[in-house]
Amino acid sequence: KVKSNNLDGKVTESELETEEKGTEEESTRESDSNILDVSSDYPREKHISIQRHLADLEKLADLKEDEKKPCPLCPEEKFKACYSHKLHRHLQNLHWKVSVEFEGYRMCICHLPCRPVKPNLVGDQTFSKMGAHYHCIICSATITRRTDMIGHINRHVNKGETESRFITVPAPKSSHEVLKESATDVQVLPNYSTPQKTDSYFNPKMKLNRQLIFCALAVLAEERKPIECLDAFGATGIMGLQWAKHLRSSVKVTINDCNENSVMMIQENCHLNKMKVKLNTREEDNDEAMGDGEENTDTIEVTKMDANVIMHLRSFDFIHLDPFGTSVNYLDSAFRNVRNLGIVSLTSTDISSLYAKAQHVALRHYGCNIVRTEYYKELAARIVLAAVTRAAARCNKGIEVLLAVALEHFVLVVVRVLRGPSPADDSAKKIRYLIHCQWCEERIFQKEGNMVEENPYQQLPCDCHGSMPGKTAVVLGPLWSGALFNTGFIRRMLFEAVQYGLDEAQPLLKTLVCEAECTTSKHFPTHSPYDENKQEECGVYIKTPNPSAESYVVHGKRKGEEVIRNAAKRQKAENSAEHPAFYYNIHRHSIKGMNMPKLNKFLNYLSEAGYRVSRTHFDPMGVRTNAPLAQFKTILMKYSTPTYTGGQAEGPVHLPEDVQAGEPPQAAAEDAEFLEDDKSGISAATFTQSFPTHCAAD
């Protein structure tokens with residue numbers, strides 16, 4: 001009997017294994033058939049483990065404080081009924097936190113007997129143990145691991161199977177939110193702040209970026225009308241709608257996006273703002289979508305194609321690039337067909353690589369070697385400009401930098417295109433390497449020329465390479481070494497910002513004007529800059545005092561080249577007036593044990609010493625000046641007061657009144673020179689405390 005029982009056990013075990021293999025094969029076949037055949041089980045009700053919010057999952061459990069309720073996703077053998085507070089923690093920690101998100105829905109882990117697993121043999125009885133699994137929202141397949149579920153959903157997305165076959169999954173149209181920015185209404189999805197790859201992205205934090213680009217386009221629209229402008233990455237179409245709504249007949253707007261959902265949303269937003277839509281060269285006369293009230297004759301062209309394709313096929317006067325991440329993949333196409341004296345603006349949001357957090361990515365995308373410095377934001381702007389210059393030079397075009405802004409979330413660059421090999425050569429010559437001292441943060445661009453120097457570190461004004469052991473400096477770049485701002489263009493941008501009531505852009509533009517002129521005087525005329533006799537900018541004449549003389553653009557290849565050549569000659573004579581490159585952070589170079597002067601007072605001290613000085617938008621505590629770092633530290637130390645932690649009865653020691661009030665006396669200057677030449681280990685704070693200024697003079 002024992003032998004027969006063992007034999008029967010072996011037979012039942014083998015039979016169960018074969019049956020198990022058969023059921024697994026059938027389940028895989030069914031799942032595959034569900035994935036391939038989209039319309040086989042459409043429509044059907046979704047599984048209870050697929051919910052939008054945690055509150056919806058709690059409604060299934062019908063939580064009550066006085067009653068014990070079971071978990072709706074677990075069998076009673078696994079999780080017994082309990083009170084509401086314990087069941088809430090169970091649903092949140094064991095089901096909701098390990099869910100897989102897709103299009104606003106959460107696929108929670110399920111422990112119900114939906115998926116058979118390998119049974120356990122206990123004597124003559126078999127217990128079918130059910131394993132944890134996920135239910136696919138698209139094909140209703142059951143998958144055990146979370147990583148496998150994510151990969152399964154990604155395969156659906158790659159195949160284009162993003163529509164669920166559940167009845168309740170598609171979000172109703174009423175769930176769209178309507179946001180308003182600069183008198184322009186845009187319809188966005190509820191998850192606009194954290195979108196999926198198939199959703200249209202709208203970032204409210206980029207409002208300042210959109211206002212700066214609008215001001216640049218408004219200035220170009222005053223120079224020549226009408227102009228054709230392109231928003232290559234439309235998303236919701238907010239930027240192109242603002243262009244068309246405020247500038248009206250001065251611009252012909254084209255909004256492009258390669259995503260079909262984004263194109264549909266752009267059309268809806270155009271109708272929401274009472275704009276006509278021209279899609280694929282066929283104008284849609286949607287009189288009903290125009291809404292009530294006065295009809296608007298403005299037309300926006302909406303295209304659905306790759307950004308590189310549309311920029312290869314058509315020519316534009318103004319192109320804006322705002323891709324997800326780096327924009328280097330679209331620069332060649334942008335400069336191929338852009339018209340002469342047109343403007344190209346690009347927004348780079350890959351700040352992790354540009355701000356030296358991912359240096360290997362910066363080397364891969366931009367071909368630049370960088371390190372983290374105190375002026376890393378300006379370094380990022382010059383990296384992008386170097387890539388723009390190389391892309392324009394490959395198309396026999398040069399650039400003039402009109403604006404370069406680097407803030408927390410983005411790096412914005414606006415350049416004017418100059419057609420011809422001579423401007424291309426002049427722009428390419430401004431790409432140089434930077435020598436940066438890692439000990440004292442001194443920096444200088446390498447000299448022009450192809451001759452190899454034995455010790456290029458000697459070009460640095462500091463002597464750290466001689467007094468410190470080892471290599472103290474690194475070579476960064478290649479970078480753009482020219483100017484970052486055009487004063488006349490930024491002043492006209494400021495005027496446009498005042499005209500259109502762009503309050504957020506006005507303070508930044510005022511700072512940029514002072515930074516471009518490298519001055520602390522804030523003089524901003526309230527009258528229109530177009531009424532003045534402005535200097536020629538790259539062949540573009542704005543307006544003259546004579547009202548009969550109209551603004552014009554020099555057309556024709558030969559005339560344009562002559563005007564550009566004359567403008568280049570004038571720019572060579574004005575190179576000395578360019579703002580100095582880079583800036584110093586006053587906190588980075590502060591003296592230990594000393595109280596620094598206020599930043600505005602310190603700017604006045606530098607200006608009284610005969611140096612050009614201004615604040616910078618790159619760093620709120622940065623100082624842009626042409627003073628060497630040694631003189632910068634000397635003046636900072638001279639007007640700093642010592643800090644005392646002890647000896648309160650004696651009181652703090654102040655410098656003499658003549659040193660605090662105005663220009664330092666001759667004795668204080670000699671004292672500063674003595675401190676600069678001193679190479680001993682005595683700190684500046686200790687020396688100042690031991691030998692006051694009047695004692696040194698005696």
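Q: Which residues form one aromatic cluster?
A: The model is a predicted one. In it, Tyr 375, Phe 445 and Phe 582 form one aromatic cluster.

Q: How many aromatic pairs does a search of the whole structure find?
A: The search finds 10 aromatic pairs. One of them joins Tyr 355 and Tyr 376, whose ring centres are 5.3 Å apart. The planes of these two rings make an angle of 80°, and since an angle over 60 degrees counts as edge-to-face, the pair of Tyr 355 and Tyr 376 is edge-to-face.

Q: Where do Tyr 355 and Tyr 376 lie in the chain?
A: Tyr 355 is in the loop between helix H10 (351-354) and helix H11 (359-366), while Tyr 376 belongs to helix H12 (residues 376-394). The two are 21 residues apart, and their pair links distant parts of the chain.

Q: Is Tyr 355 buried or exposed?
A: The general idea is a cut-off: a residue is called buried under 20% relative accessible area. Tyr 355 has a value of 5%, and is therefore buried.

Q: What kind of aromatic pair do Tyr 584 and Phe 632 form?
A: Theirs is a tilted pair, with 5.1 Å centre to centre and 35° between the planes. Tyr 584 lies in strand E24 (residues 584-585) and Phe 632 in helix H19 (residues 629-638), so the pair ties together parts that are 48 residues apart in sequence. Both Tyr 584 and Phe 632 are buried.

Q: Which residue lies over the face of Tyr 376?
A: Arg 372 does, at 3.8 Å from the ring centre. Phe 582, a member of the aromatic cluster, has Arg 382 over its face, at 5.1 Å from the ring centre.

Q: Let us turn to strands. In what order do the three strands of the open sheet stand?
A: The order is E1-E3-E2, and the pairing is antiparallel. Strand E1 (50-51) and strand E2 (100-102) each have a single partner strand, so one side of each is left without a neighbour in the sheet. Three bridges join E2 to strand E3 (residues 105-107), and Phe 102 stands opposite Tyr 105 in E3.

Q: With which strand does E10 pair over five bridges?
A: E10 pairs in the parallel sense with strand E11 (residues 251-256); there, Val 251 is the bridge partner of Ile 227. Together with helix H6 (residues 238-247), E10 and E11 make a right-handed β-α-β unit. E10 also pairs in the parallel sense with strand E15 (residues 316-321), over three bridges. Strand E10 (residues 227-231) is mostly covered, with four of its five residues buried.

Note on methods
Residues numbered from 1 in each chain as written. Predicted model: local features only at pLDDT ≥ 70, side-chain atom pairs only at ≥ 80, totals over all residues. Heavy atoms only, no water. Pairing = 2+ DSSP bridges. Buried < 20%, exposed > 50% of the residue type's maximum accessible area, 1.4 Å probe, protein only. Right-handed = clockwise from strand over helix to strand, strands pointing away. Phe/Tyr/Trp six-rings, centres within 6.5 Å; stacked < 30°, edge-to-face > 60°. Lys NZ or Arg CZ within 6 Å of the ring centre and 35° of its normal.
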